[in-house]
Amino acid sequence: MPMKTEPFVVNIGPQHPSTHGVFRMRLTLDGERITDADMVIGYLHRSMEKLAEERSFTQVIPFTDRTDYVAAMTGNLAYVLAAEKLCGIEAPERAQWLRVIMSELQRFASHSMAVGVFANDCGAWQTPVMHMFREREKILDLFEMACGARLTTNYMRIGGVSRDIPPEFMPAAHKLLAELPKRMDEYEDLLVENEIIVARSRGVGVLPAELAIATSVSGPMLRASGVAWDIRKADPYAAYERLEFDICVGTNGDVYDRFLVRVAEMRQSIRILEQALAMIPDGPVAVDVPVALRPPAGEAYGRIESPRGELGFYVVSDGGPAPYRFHIRSPSYINLTPLRDLAIGATVADAIVILGSIDIVVGEVDR
Amino acid sequence: MSIGLEHYLVVGALLFGIGLYLALAKRNFVGVLMGVELMFNAANLTFVAFSRFVESAEPLDGHVFVVFVITVAAAEAAVALAMAMLVYRNRETIDMDRINLMKW
Amino acid sequence: MPALAAWYDLRDLGHYVTSVINWLQDDLSAPDWVTYVVSGVIGIVAILLWLLISQLSFIWIERRIIGRMQARIGPNRVGPRGLLQPIADALKLLLKEAITVRLADRPLFWLGPVLIFVPAMVVFAVIPFGKGMTLADLNVGVLFVIAIGSTNTVAVFIAGWSSNNKFALLGAMRTVAMLISYELIQVLALLGVVVFAGSMRLGEVVAWQSHYNAWLLFLQPLALVSFMIASAVEINRSPMDISEAESEIVAGYHTEYSGIKFGFFYTAEYFAGFAISAVTVTLFLGGWTAWGLEEWVPGWLLFLSKLYLVFFLFIWTRGTLPRLRIDQLMAFAWKFLLPLALVNVLVAGGEVLAWREGDISSNVALPIFGVANAVLAAQLIIGWGTFMGHLKPERRAKRAVLTQELGAVYYVPPKRPAGEP
Amino acid sequence: MDDAGSVIAFWLLAALTVGSALGVIAVRDLIRALVLLITSFLGVAGLYITLSADFVAVAQVLIYAGAISILLIFAIMLTPRASRDNAETFLQVPAFLLAGLVAFTIAFISLQTDWSIAERGGFGETASAIGEALLSKYVLPFEMASVLLLVAMLGAIVLVRPEGTPEE
């Protein structure tokens, strides 16, 4: 009912239960309808890109853990690919497969968190998130076996990975992999056909494919809009060319499709992992790279399909020991571009769900 | 001391007076509405008091009447709210002083 | 010895009060008002004590149950198995500073947490806890329950408005809009019960259920469902907890409350939950009776176990279900529950009329009504859901499309040589 | 009605009702005025109970304190924050005189008249008697009231319906 009401500005964040960090939305409301939405970012800015220009090429790797702290492995991998491109180094075969295994484990862990937190945003009070964390914990345990750390893994190296996986990794991974499909069935039963989740998310925050492409959205968000764009297929890296998997695509581009695409990608990750664990060869895990690496002058852009979308590192070298220019194309940041368009006309409750479906990591937004 | 009919009637009279004052003197539409509701209440109180104390063949008729008054009051409040919204939408105020188009 | 047997009889705690009052009247020849006040005070103190003990235990029980549902342990640090956790929580709330926002409307800010207790606790005055264990068995008990519940709105609105916080105001307005819709459902649902029981006195509703050995749960399943849903709205339990939706508007109307004032809201939420469970048990689940079991087991124990069972349902939904949006919740009330509740009242009226006028024996009539109403409830829910389009195939959930079965744009750019940005 | 309990209850409730009604006049803030008004409604409900009118008392709480106050809340929330005060118009003095006069007249008449008081005592159960009266003797007004409510509802919807809303 059109009424002359006073605009009502509400700050969602930076301190808010469901902004997933210190992100802030300034919503202008008319009743519960959003008439305008501003995004205020920068609360977690740590100046990573500038700091990286003061570090040697290897010393940059820990930064990449801390951009996307929910998916550190893929952050490592993207930078390492860029640096390898710059130096013209090719990682050995086993390292390529390990990279695939680690990124897919990471994708599963990250998506399970995204899906759980999304359910939390829909108002399912912590239960899905806690259940999802159970599997995430096991994956993090595998990471701990491989590299000693759970979140900030710092595992990939220029020219390979930091160390080979221990002998107990494989049995544990196989055991986990046998368990995951059952868990996925459970979660799909719990969430995918949940009447309330469908009611809350279907038709909400519809992102048309044209807008998605125009705002250079990537990752599950783009695929949910019906664009089958996956860097693992479009520009294969590591060992993805030799693996069989499908791109999961949504049809409507609404919040529900984003959620479905993530769930389907978790299934695909299991499929990839099954192949990769069977196909991984023996051999060295890294080539020798000098400690004080001085790549030839030039520039390189390494990109991967991170759980959140196209994660790219643009590295320029002037022949010195540190990158001359270091830029991160972080998917969380770019996926936020259409948020205003999605939020306008929705309600406050929708805005939260839309933000949850974009699945940002503020460390990556602000860098 | 014993409480009789007159006590309730005086309370009703006071309530009615207060309601009347609110309805006449308040500038805000909602204030006026409150006054009207208070007058309804005063009338209801009087009805119930009479039905309790006064000689009658069917003493509960007073209660029945109160039920009707409450019904009418609910209807009146709904319509008044709609009117307030309408006035506010057209005139951007619900200040009774400014709703004076009929004066000219 | 019969006197002694009665003294130790736990089935009827009311006779302790009776004996106290008899003693006052006969031995001390106290005036009437003294006995009146004494019996009232005993009842109030007993109910309060029970409420506090229940609440403290249920803080722990709810957290443990939800922990269980969420694949975690729950509180287990304070005391054996975390049993002292509620005490620690209470102490924490007591010792924390109760901040008043600078621009808050101070008197109302103070009034909100106090008022919120009133509806939650006054309801217990009319609840029959056991045989002869009612504080005041009003003859308009059912209406009283609804009327008192509706004043909850005012308290919530006062709290939300006086905080001078936008989230609180949003929460308060959501509550106001929601409660006024669901109050209607509640009234209509309980109307079915009243039509069957023929009385609004809660004690008589229990007596009716006991007399016919038919809990109204079986005769009025639709009413039970709508009443439970409306009650979940009234007491802000998930999935209807949108007035304090944590993930959207932080904590809704009590966002600005801290310390013991927040504790008041927290406690009142439990009290309201118990109150609603008590009403549900009394009206639908036979109250303190259970097919003659009350002869052997104390009635109040039966009542309390049923009450906790119903309260467990609220905990269960809280641990399981996501939250609806405000417009969906309102649409659900007006478009879904209201027509069903109206049909239910009509059917209940028709059945009672047929029963009375047709002079059918209750042994024949009630089972038929029970089966008919259960079938009707299921059919109505499914049928109305289909009619409103909730069960259409295109509204059902589906899976994401994989690339093989894809009609979407498949977009592969030309491959660029390595090293080029 | 001459036992101590009833007398105390009456005076307390009367003071509460009239006092908070006066507060509605005096208080500057509209929301506080509303809270006082609800208090006054509840006081009237209490007075009904002292008159042994239990059904009417509960209906009073349900409809006045539960529903009409909410409509008033909506009305207040619809008004802009700036005009959310409770000030008087220029008619303050004449209104006061008139209201005082009316109240005084009613009180005077009610004190002077010799009512035919029935020594009947309180009512027992009123709910069922009211229900029967509504559906037998007063069935026509009862139906009229339902029609009135329907008309009021439709009227309210039509009034606030924005112009140019497409017919669905």
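The structure is a predicted model, in which local features need pLDDT of at least 70 and side-chain atom pairs count only at pLDDT 80 or more, while totals for chains, interfaces and linings use all residues. Residues are numbered from 1 along each chain as its sequence is written, with chains lettered from A and ligands numbered from 1 in the order in which they are written.

Chain B is built from 3 helices and 0 strands, and its elements run α-α-α from the N terminus on. (Helices, H or I with at least four residues, and strands, E with at least two, are DSSP runs numbered from the N terminus.) Of the 104 residues in chain B, 62% are buried, that is, they have 20 or more other C-beta atoms within 10 Å of their own, with C-beta atoms placed from the backbone. Two residues count as in contact if their C-beta atoms, placed from the backbone, lie within 7 Å. Looking at contacts in chain B between residues at least 6 apart in sequence, 45% link residues at least 24 apart.

As for its neighbours, chains B and D share the most contacts of the 5 pairs of chains that touch. This contact draws on 67 residues from chain B and 75 residues from chain D. On the chain B side, helix H1 (5-25), helix H2 (29-53) and helix H3 (61-91) each give two or more residues, and H3(B) puts in the largest share, at 22 residues. That side of chain B splits into 49 nonpolar, 9 polar and 9 charged residues; here Ala, Val, Leu, Ile, Met, Phe, Trp, Tyr, Cys and Pro are nonpolar, Asp, Glu, Lys and Arg are charged, and the others, Gly among them, are polar. Chain B and chain C, on the other hand, do not touch, and their nearest C-alpha atoms are 13 Å apart.

Chain C itself is assigned domain 1 (2-40) and domain 2 (96-390), with bounds from an automatic or database domain assignment. The centres of these two domains of chain C, taken over C-alpha atoms, are separated by 33 Å.

Over in chain A, 3 strands form an open sheet in the order E8-E9-E10, with antiparallel pairing (two strands pair if DSSP finds at least two bridges between them). Strand E8 (298-306) and strand E10 (325-329) of chain A are at the edges with a single partner strand each, so one side of each has no neighbour in the sheet. Strand E9 (residues 309-317) of chain A is joined to E10(A) by 5 bridges, and A:Gly312 has A:Arg329 in E10(A) as its bridge partner.

Notes: A residue is buried if 20 or more other C-beta atoms lie within 10 Å of its own, exposed if 12 or fewer, and partly exposed in between; C-beta atoms are placed from the backbone.
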